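Have a look at the structure first, then read on.

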Amino acid sequence: MRHRYTSVTLIVILFLCSNLAFGLDVWKHMLHGEALLDTLPFETVRFSSWARNGGNSDLGYYYGTDASGWKILCDVSGPGALTELWYTKEALSDTARIRIFVNDTIQPVLDTSAVRLCGQVNPFLEPLADSAMSAWFSYAPIPFQNHLRITYRGTSLYYHMSVLKARVGETIESFSYPPSAEYTARLDSLRERLLHPEMPLAWGNLPAQSYPSAVNAPAFSQVQLLSYSGSGVCRRLLFLPDNHTENMLYNIWMRIYTDHYPVPDFEAPLATLFGAAQGWWPYRSVFMGMLSDTLYLNLPIRFQNSLRVELDNRYSVPLNTTLIAEICSPPPSEMKPLTIRGICRQNIPTTRWLGYEVADADGPGNYLGVLMDMQQSNAHVFEGDETIYLNDESSPSWRGTGTEDYFNAGYYWATGTGAANFGCHGLIRYRGANAAVYRWHITDPVPFTQKFRMHFEVGPYDDLSGNYRSMAILALPRERWQVMDASRDFASFPAETLHIVGQSFVPGTALVQFSMGDNPMPFAGGNAVVDADSVLDVYAAAPEGYQEGELIIRAYLSTGTETVCRKWTHHSRPDIQYKLKRVDVDSCIFEGDTLYITIRGMAPHTQANLFLQDNSVAWVGSSPLSDASGTLTGTVTIPQGVHSGDFCLEAYAANQHIASCDLLLRVRPYLRLEIEELTTTVHSTNINQVRFVPDYLPSGSTEDWGRNLARYIRGTGIGAYAECRFRLPVADSLQSFYFFGRTGGGAKIRVTIDSIADVDSFDTYFATAGGWRWSRSDTVQGRWHYLSAGEHVLRFQIIGRNALATSWEVILDQVLFTYDPTFNERMPAAVTELTAYPRPQGIRLRWKPVTTDHTGNPLAPDSYAIYRALGADSLFHLIAEVNGSTLEYIDTDALVNGEHPVFYTVTAIAGSVAPTQLRESVLGRALAPIEMAPPPLRKP
């Protein structure tokens, strides 16, 4: 039965709460929003089912098993309070049960159905607890004094739980069942808070004055919406625009300033600031929402002497709007030390393999939640997990199980309606793979004393990209000093102008000078005297000396010296960065590749010429100029004729060398296609997905699986297929190589390229332990091809299966193409039965003669090329070439011991080619190291 509560009930609840006597009040920040602006006497302890092996399958990982065989979801010593829980699983039955043990009880305080716990069992009732969006959640607190343990029995769960843990020695009123009258009274107040999320979050019981302002903002203009002098709190902003289009919401920005501070507390597009992402969709939450024609912001913005709101119309259409600020004046004793700040980020698109950072802030403070606007065509972006690093953590103590899971939903917000709104979390809009969502930590804020950083994977392994925008809400102290560079990457170059702001100084204090390291920073603008608001707002130029690294910035004032920043990154010379248009995790480059180039630290409005070794690298189109900040951006194409090697990209301006790229360009005569980058366009299988390999490996396996990702294809029988597309930048002759997974359910596979046979048949069956375990195949060689520049199609088709196989599985790890324009002259072929013997003078290699080429035609080798890889080398290097009648070779240079295994491959060659002309190759097989252990498989 669903429960609703009237305003009469609220009056009674508030009266009861005012007369309660507790120890440490774990309810205060839940019932009084202004308490979130204070440093909270707790630390966050997070429990979740994140995959302990680093994989994406975050299902069924627990914290042990109790004596009754129940799985442990949470086990923590007190005092503290569980402040939020969530779990999901498809087809969760009523037989799945949860037990809650409080303090040292032998019997559970509560033993109930997991299906009914959220929304059907008192006191876990809506809107505090419910089931929605394919998940179950509860914000009903469970305080405890000594210990809390939550156990589970049933089908495997995805879950997470948050505990606010107090200092040892504090006293907390523990949860009991049935709940006490005091607990019920406070819970009802919290329930009422969430039933009316559009009401002010903080100081809602104080009288307030409304300050309306109607303005017209012409196209591409900046206008002032509000200017208020005095102290107080703006507890709510109402915004009524006359244009509700999506373009307007994304292209009109609002800035909110307090206390004449030159850096805004909030600066964001309307879509992000008010949660109006992806269009005008009414919703209500405790921080922001949309009611009819009005956007509201309920964040308590406190100020000591001024409040100013600006509108920046970056749109081609004028906007008429009204802003209403609701301002109250709390007594000084109720004013808190922290300030609400919004950290707006957008990355359009995000960079593959790097993910998306929501916030990075210094404390002490409280993280209060985030609004996310994510747009992509592939819903697998939501497989990404969130991580939170607190204080000085080198590894995150907060690990998530999926993007929608963090927002207390499951299975990509499978709502059926496209929206679902609650006070603390909700889905504003869902269409395709686009989601606008929010999660506010009202009951479970995340306190930190030093530092906070939050990161979202984009895709299951950061392997995708998308258009991401966010607004993270934190309660923070205002920094004594802030240093900002134009790009906001917290690094500078010679003569770059930095904006430096300080506060809380005695008015009239004079700035003498800034220094960076041992170098003075020339004054570049602003007012070198602290103003009447105790703020110093100046611009200074980074030094032009050659000292670089993480340098200290100091301010020399008429009253003394202060440290502005302890570690500021400074580059003494311009810096080149490149980004490969074709995604390749190894940064391998080959002819015809396109690179995006950024050079920072140049003189303004100048050109640069690029060189790779002795090859000039031409800009695509006209040669770009650096902008006023000294940043140059452009696109180049790697020219023909660049041979294999590791090269440094160099930049010259006015015939003078100005910069070298720190990241070498690894030019290789092959193209590696990681399987997660191959887009599957057509398939007739019932499963076709990327999976995390370690989930399927035997314990202790040392097999090398590239990025530990593989494409898992399970067909329905003979004829099932999957097609993947890839692009070649230039036409060339090449040979293909494949690396498959082998299982007890493996099928026989045929591979074609553009409908031309490549691998006629390969049996992926292997009697692995456990049946479902995987083992990586050795190199499977395809044929030589001549392929044109552009798109090509790989087709993997099931043609049968081993009599012992139990399924129709195909597991594909990598595809490798080796380039060699002269292959028709040489017709290389790998030797078979290569053996290696340690001898005092070195390692003796022996092999059988090669008599046919790859196509089966007769071959009389002119020579054999010997390649070697040491240790963890990823490439084989040519070490010698011997006559075609020779069938052995002694390697006198190899180091042989247990820590440095040696791998060899030998290739037969028809045609007279000097060894110096042979490129690095991965032809042939990676054989065993010298020790007699079974051979580990090698990645080329």
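## A histidine to start with

Does His29 count as buried or exposed? This is a predicted model, and in it His29 has 3% relative accessibility, so it counts as buried, the cut-off being under 20%.

His29 sits in helix H2, which covers residues 28-31. A polar atom of the His29 side chain lies 3.0 Å from the backbone oxygen of Thr443. Leaving aside residues up to four places away in sequence, His29 also touches Ala35, Leu36, Leu40, Phe42, Leu164, Ile442, Thr443 and Pro445.

## The nonpolar cores

Now for the greasy parts. The largest nonpolar core has 152 residues, and Tyr87, Leu148, Phe239, Met254, Met372, Trp413 and Leu474 are the ones with the most contacts inside it.

## A three-stranded sheet

There's also an open sheet of 3 strands, in the order S42-S44-S47, with antiparallel pairing. Strand S42 (575-580) and strand S47 (632-637) are the edges, each pairing on one side only. From one strand to the next, the twist averages 25°.

S42 and S44 (residues 594-600) pair in the antiparallel sense over 6 bridges. Leu580, for one, has Leu595 in S44 as its bridge partner.

Definitions and conventions: Residues are numbered from 1 along each chain as its sequence is written. This is a predicted model: local features need pLDDT of at least 70, side-chain atom pairs count only at pLDDT 80 or more; totals for chains, interfaces and linings use all residues. Side-chain values use heavy atoms; hydrogens and water are left out. A nonpolar core is a set of buried Ala, Val, Leu, Ile, Met, Phe, Trp, Tyr and Cys residues joined through side-chain atoms within 4.5 Å. Buried means under 20% relative accessible area, exposed over 50%, partly exposed in between (1.4 Å probe, protein chains only). Two strands pair if DSSP finds at least two bridges between them. Helices (H or I, at least four residues) and strands (E, at least two) are DSSP runs, numbered from the N terminus. Axes are lines fitted to C-alpha atoms, for helices over the stretch in contact, and angles run from 0 to 180 degrees between N-to-C directions. A polar contact is a pair of N or O atoms within 3.5 Å; within protein, one must be able to donate a hydrogen and the other to accept it, and residues adjacent in sequence count only if both atoms are side-chain atoms. Contact means heavy atoms within 4.5 Å.
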